[in-house]
Amino acid sequence: MPKYYSLKEKISAREKQIGIWRSLTGHTFIPEKKQYVTLCNFQPPDCEGTEIVQLRNMGVITSDSQFFGIDYNEEIILQNKKWHPDANWICAYWEDGIRSIENFDPSLIYLDMTSFASTERVLYCINSTMHRCKKGTVLLVNLMLNDPRSSKFFDGSYIVSALPKTVPSFELEKWRQKVESFTYNATGYTEMKTFVFFKERK
Ligand SMILES: C[S@@+](CC[C@H](N)C(=O)[O-])C[C@H]1O[C@@H](n2cnc3c(N)ncnc32)[C@H](O)[C@@H]1O
């Protein structure tokens with residue numbers, strides 16, 4: 001697993017995401033009672049490129065208690081708890097993790113996956129996340145466009161076109177129809193695509 005906190009392109013991608021979130025919501029920082037929820041990996045302190053450090057430095061979170069990191073890797077969660085005891089660290093699969101958050105009300109969600117862009121399971125993750133979001137939530141879904149261990153490439157339009165098969169129309173209609181996206185390559189081996197979903201209706 002790459003050390004995301006030391007990759008310049010990853011840091012720029014997060015900057016871009018924050019810019020998009022700011023322009024969609026009109027917020028410069030996450031309101032006091034709202035949260036930032038992410039798939040986390042290791043988040044070492046004293047490192048500008050670490051997600052939680054970058055969010056603090058950019059003024060997106062005003063308190064660590066707004067930050068919720070989910071990862072199924074227990075070692076990651078235990079280590080992050082030691083490094084940032086005031087943030088929330090949950091060892092679980094994404095769907096179970098978000099379900100366990102009391103008063104779930106994020107302003108920004110970063111579903112930063114290590115899955116390929118044409119994986120059907122991703123649709124279920126997005127579906128279960130969308131239903132739990134309130135109006136005004138930005139949901140970023142980050143997926144791999146190629147397999148760095150083979151020459152396989154995946155269809156970058158699959159997720160958006162296949163979503164109506166999984167997400168019922170009464171939910172999908174609440175989300176902005178135009179799904180912005182951008183690509184970047186942080187490691188030199190893997191092309192990533194970030195999809196921006198915005199819940200603009202109740
Ligand atoms: C790309 S990294 C997260 C990087 C981090 N958001 C950042 O900006 O530095 C993805 C992490 O999510 C974990 N992960 C991937 N899929 C998951 C899932 N469905 N449920 C829980 N954890 C998952 C992996 O173990 C990995 O540590």
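**Legends to the close-up views**

**View 1. Asn41 sits in a loop between a strand and a helix.** Asn41 belongs to the loop that runs between strand S1 (35–39) and helix H2 (51–57). Helices (H or I, at least four residues) and strands (E, at least two) are DSSP runs, numbered from the N terminus. The model is a predicted one, in which local features need pLDDT of at least 70 and side-chain atom pairs count only at pLDDT 80 or more, while totals for chains, interfaces and linings use all residues. Residue numbers start from 1 along each chain as its sequence is written. Although Asn41 is not a glycine, its phi is positive, about 60°. Most residues other than glycine have a negative phi. Asn41 is partly exposed, because 19 other C-beta atoms lie within 10 Å; the cut-offs are 20 or more such atoms within 10 Å for buried, 12 or fewer for exposed, and partly exposed in between, with C-beta atoms placed from the backbone.

**View 2. Asn103 is a further non-glycine residue with a positive phi**. The phi of Asn103 is about 50°. Asn103 is found between helix H4 (94–99) and strand S4 (106–116), in the loop. With 7 other C-beta atoms within 10 Å, Asn103 is exposed.

**View 3. The ligand is surrounded by 18 residues**. The closest are Tyr4, Leu39, Asn41, Tyr72 and Asp112. Two or more residues of the shell come from each of S1, strand S2 (67–71) and S4. S4 gives the largest share, four residues. By class, the shell has 11 nonpolar, four polar and three charged residues. Here Ala, Val, Leu, Ile, Met, Phe, Trp, Tyr, Cys and Pro count as nonpolar, Asp, Glu, Lys and Arg as charged, and the others, Gly among them, as polar.

**View 4. The protein chain around these sites has seven helices and seven strands**. From the N terminus on, the elements run α-β-α-β-α-β-α-β-α-β-α-α-β-β. The radius of gyration of the protein chain is 16 Å, close to the 17 Å that the globule rule gives for 202 residues, so the chain is as compact as a globular protein of that length. This radius is taken over C-alpha atoms, and the globule rule is 2.2 Å times the number of residues to the power 0.38. Of the 202 residues, 32% count as buried.

Note on methods
Near = placed C-beta within 6 Å.
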